[in-house]
Amino acid sequence: MNLTTASRTFQLLTRILDVRTPTEPFLPTEAEKPPIPPGNISQSFPRVTPESQGISSRHIQSFLEELGRDRELYSQSVMILRSGRVVCEAAYGAQDLRTAKYTFSACKSVVSLAIGLLADDGALSVKDQAADFFEEPGSGALHRRLKGMTVEDLLTMRSGVPFTEAEALTETDWVRRFLSAGPKGEPGTEFAYNSLNTYMLSAIVRRVTGKSLSDFLRERLFTPMGITDFHWETCPRGIEKGGWGLYIKPEDLAKLGQLVMDGGLWQGERLLSRDYIAAATTAHAKTPEEIGDFDYGYQIWVGRREDTFLFNGMLGQNVLGFRDSGILVVSHAGADTDFQESRYFEIVSRYFGGQFPAELPADEKAQAGLAETVRSLSAYSREPEALDDWAGGFLNRSFHAQEGPAASAGLLPLALQALYNCYSAGFDSVAVSAKGGSPELIYRERDALYRLPVGLGRPEVTELSFRGNVFRVAALGRFTHDEEERPVFYIRLDFLETPCVRIVKLILDGDRLLLRQTETPGVPYVTGKLCQAAQSPLYRPLLMVAAGSAEEDFLRYKTLQILSPEIVCRDGEA
């Protein structure tokens, strides 16, 4: 991190941590996320019974129930396939399987497939020097700076370059900053996970093909596989981020996992060479034990103790392939994890590791039990509820914020504000109206107004635009009371294309209203990140300046301030 980037990064952190003022971004705010309508899948997998593929319906039912009971996993959806056939699919709560999902780092594995296509074409070799794709004619300075770094070093997270995603939030030319940073130590030796390595692979695809990563993959993989509705975010210079930013539907993501499972074949047609898939799913880099039970191949995780491969994204996007049995498990969640630290991997390995028979006898009773479990997991299986007496105190009243944390609070979860450089101008007022027998939340910020129909008993889904970034949001609420018998309107907002959830609580307290907000992933995750940074000799002094202290209790207090504010509002005051 150079001094300019360090200064910008920690100035931005200081602005985020200051709840007295709105966060002012360094880069211009531009809409990155278009609306991605939910819809049917082209070239969808066949749907079959679990028993026809040698898996018991009761076994899968137990698996789904165990995931649902573990509140730390925040499971959102699961799809289970064997031999290219879907044996079960389930969505939890307000989630659904027809919506394109944000993949975070799971899309790194998709970038690897693009590099494999170029390697198959002979357009590059993984042993090529990275500098060859960016060096200007007649100059050897870049080669000297990068010290022999190869495409394979980028693929295996062994480039050694320290320019990271956090620094990219305040930079516009990521290629230049990556190349000018140069490696720390010898490339090809030490595993250091850094999404900018994947971004550079995306830049290489553009350099070699003259096409964007999205266009190249659309032509060579996505169209042949029926993958149509997707979106890949780009950097300020228009290059796909590569290491994150891909929105893709769960079944389409499963297709890419099945392509790897089948050694590069899709419905009998060879799209990638078996040799590249074999190399990509071979462990090339040893990873720290504490982040999980997988080593690293070519942007694909490789099981240490089982013959497995994994596309893995922070907070819980996973495509896990068990090659011994041909079982593929695709899941989405919102857990407070970066890699494979959660219990999910122990659970899924316990249920689907090892051998399975080719077929089991039909079991209609077990299949009916599984179908009922799948139905019951979804909040959309419930009947809508009518307004009750608890709602009366909230309806047709407007409550305006007093000074304090309202200055930096917003409806969009802070995790998404930072991701999209789309910070709230501050909360202004809130109101609840009755619309067609259901409540509608009217949430006003200083420069925007959001209207959300809130389902009672069953979620209501709407689209909200945050400075042009359009999100599908499922709102599920209930009128209740707290331990002091104060009326409470509790609203859960699932940002369906992401792992993020916003909880809004409106509490009537005499002549005032308390607005409490929180989000998932939230306080534990962010506090952990800040505490981790506080252990670094490089980041600790900068964090002390940005936050005011680097002690764990204080960092948790600051995190609570920004992620879980309580805002006092007055009835009818402007």
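Strand 19 gives the most to the lining of the second largest pocket, with four residues. The model is predicted, so local features need pLDDT of at least 70 and side-chain atom pairs count only at pLDDT 80 or more, while totals for chains, interfaces and linings use all residues. Residues are numbered from 1 along each chain as its sequence is written, and side-chain values use heavy atoms, with hydrogens and water left out. Helices (H or I, at least four residues) and strands (E, at least two) are DSSP runs numbered from the N terminus.

**Second largest pocket**

- The volume of this pocket is about 780 Å³, where a volume is the space filled by probe spheres set on grid points joined across faces, edges and corners.
- On a 1 Å grid over the protein atoms alone, a pocket is an open set of points with protein on both sides within 12 Å along at least five of seven lines, a cavity is a set where a 1.4 Å probe fits but cannot get out, and lining residues have an atom within 4 Å of a point.
- The pocket is lined by 33 residues, of which R71, G93, A94, R382 and R492 are the closest to its centre.
- At least two lining residues each come from helix 2 (57-69), strand 1, helix 13 (364-377), strand 19 (469-481) and strand 20 (487-495).
- The lining has 14 nonpolar, 10 polar and nine charged residues; Ala, Val, Leu, Ile, Met, Phe, Trp, Tyr, Cys and Pro count as nonpolar, Asp, Glu, Lys and Arg as charged, and the others, Gly among them, as polar.

**Cavities**

- There are five cavities of 30 Å³ or more.
- The largest cavity holds about 160 Å³ of space, and among its 19 lining residues S408, A409, L414, Q417 and I562 are the closest to the centre.
- Helix 14 (414-419), strand 22 (512-520) and helix 17 are the elements that give two or more residues to this lining, and helix 17 gives the most, with three.
- The lining of the largest cavity comprises 10 nonpolar, seven polar and two charged residues.
- The second largest cavity holds about 130 Å³; of its 19 lining residues, G316, N318, A333, S342 and Y344 are the closest to the centre.

**Helix 17**

- Helix 17 (residues 552-563) has 12 residues and reaches 16 Å from its first C-alpha to its last, close to the 16 Å expected at 1.5 Å a residue, the expected span being 1.5 Å times one less than the number of residues.
- Its buried residues (under 20% relative accessible area; exposed is over 50%, partly exposed in between; 1.4 Å probe, protein chains only) are L555, K558, T559, I562 and L563.
- These residues cover an arc of only 115° around the axis, so they lie on the same side of helix 17; the arc is that of the directions from the helix axis to the C-beta atoms.

**Aromatic rings**

- The structure holds 31 aromatic pairs; rings of Phe, Tyr and Trp (its six-membered ring) pair if their centres lie within 6.5 Å, with planes under 30 degrees apart counted as stacked, over 60 as edge-to-face and the rest as tilted.
- Y193 and Y296 form an edge-to-face pair because their ring centres are 6.2 Å apart and their planes stand at 80°.
- Y193 is partly exposed at 24% relative accessible area, whereas Y296 is buried at 1%.
- Ring pairs link F191, Y193, Y296, W301 and F339 into a cluster.
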